[in-house]
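Q: I'm new to this one, could you walk me through it in plain words?
A: Gladly, let us look at it together and take it topic by topic.

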Amino acid sequence: LVLLVAIHEAGHVIAARRQGAGSHILSVSVFGGWAFSSFEKEDARRLLHNIAGGPIASLLTCLGLGALAAWLPPGIVPTAVFRFLLAWNTMILLPNLLPFWPFDGGWIAFCLRWARSKSFEQAWTDMYFFHRFAGALSIVSGLGGTVMFVSTPEIAFYWFLLALMGFFPIYSAKRMHQRMALGESTFKQLAGISVAEYAALD
């Protein structure tokens, strides 16, 4: 499972190298990974290519695992293993494409907004308010649906789950607000620091 995460993060690094990044930081664990490149805060195009490398690597891995699972005869251990890895890799890929920071989908949405607005700070601010709006909408809608379908627990459960999911973009907005204080110039000076030092900026 760690290998699947490593492939995803390696996709970021390979994409960064193709864009001429000077140095890389790569951290991988069972709970996820992190790839950081020296030019990461320079321009929207480079950052977009860097971020897209991870999902593309995961997608190619899904296609490869799916092909192997379909090619091998059913009922044998390797086929079951490849199907399990395919399912797990899909779970890595799909949630990561959600347009919420710090998922890759959130970074991609930020890059697209940055390229359109031509302003790093404006794009970051827009994403911050988007996260707050999406989180609040999810919580209010989820609680409303829970109350509406309280007599049908199997339906109310999913509405309540939607309400709980709304706290993630709210939390992400809080983290984004902390980084807004750094400003674009400070972001650009983060090249080469360790993952622990970057995390300590919170």
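Q: What does the secondary structure of the protein come to?
A: This is a predicted model, and in it the secondary structure comes to nine helices and two strands.

Q: And what pattern do they follow along the sequence?
A: Reading along the sequence, the pattern is α-β-β-α-α-α-α-α-α-α-α.

Q: How much of the protein do buried residues make up?
A: Of the 202 residues in the protein, 35% are buried. As for contacts with a separation of 6 or more, 60% of them are accounted for by residues 24 or more positions apart.

Q: Switching to helix packing, at what angle do α1 and α3 pack?
A: Helix α1, which covers residues 2–18, packs with helix α3, covering residues 77–96, at an angle of about 40°, and their axes are 10 Å apart. The two helices are therefore oblique to each other, and α1 passes α3 in a right-handed crossing.

Q: Which residues make that contact?
A: On the α1 side they are L4, V5 and H8, while α3 contributes L85, W88, N89, I92 and N96. By type, the residues of this contact divide into five nonpolar, three polar and no charged.

Q: New topic: how many salt bridges does the structure hold?
A: The structure holds one salt bridge, in which the side chains of R113 and D126 meet at 2.7 Å, N to O.

Q: Where do R113 and D126 lie?
A: R113 lies in helix α4 (residues 104–117) and D126 in helix α5 (residues 120–148), so the pair ties together parts that are 13 residues apart in sequence.

Q: Now the backbone: which peptide bond is cis?
A: The peptide bond from W101 to P102 is cis, with omega near 10°, and P102 lies in the loop between α3 and α4.

Q: And which residue has a positive phi although it is not a glycine?
A: That is K118, with a phi of about 65°, and its place is in the loop between α4 and α5.

Q: Is K118 buried or exposed?
A: K118 is exposed, because its relative accessible area is 71% and exposed means over 50%.

Definitions and conventions. Residues numbered from 1 in each chain as written. Predicted model: local features only at pLDDT ≥ 70, side-chain atom pairs only at ≥ 80, totals over all residues. Heavy atoms only, no water. Axes fitted to C-alpha atoms, helices over the stretch in contact; angles between N-to-C directions. Helix = DSSP H or I, 4+ residues; strand = E, 2+ residues; numbered from the N terminus. Parallel < 35°, antiparallel > 145°, perpendicular 65-115°, else oblique. Left-handed = near helix turned anticlockwise from the far one by under 90°. Contact = heavy atoms within 4.5 Å. Nonpolar A, V, L, I, M, F, W, Y, C, P; charged D, E, K, R; others polar. Salt bridge = Lys/Arg side-chain N within 4 Å of Asp/Glu carboxyl O. Buried < 20%, exposed > 50% of the residue type's maximum accessible area, 1.4 Å probe, protein only.
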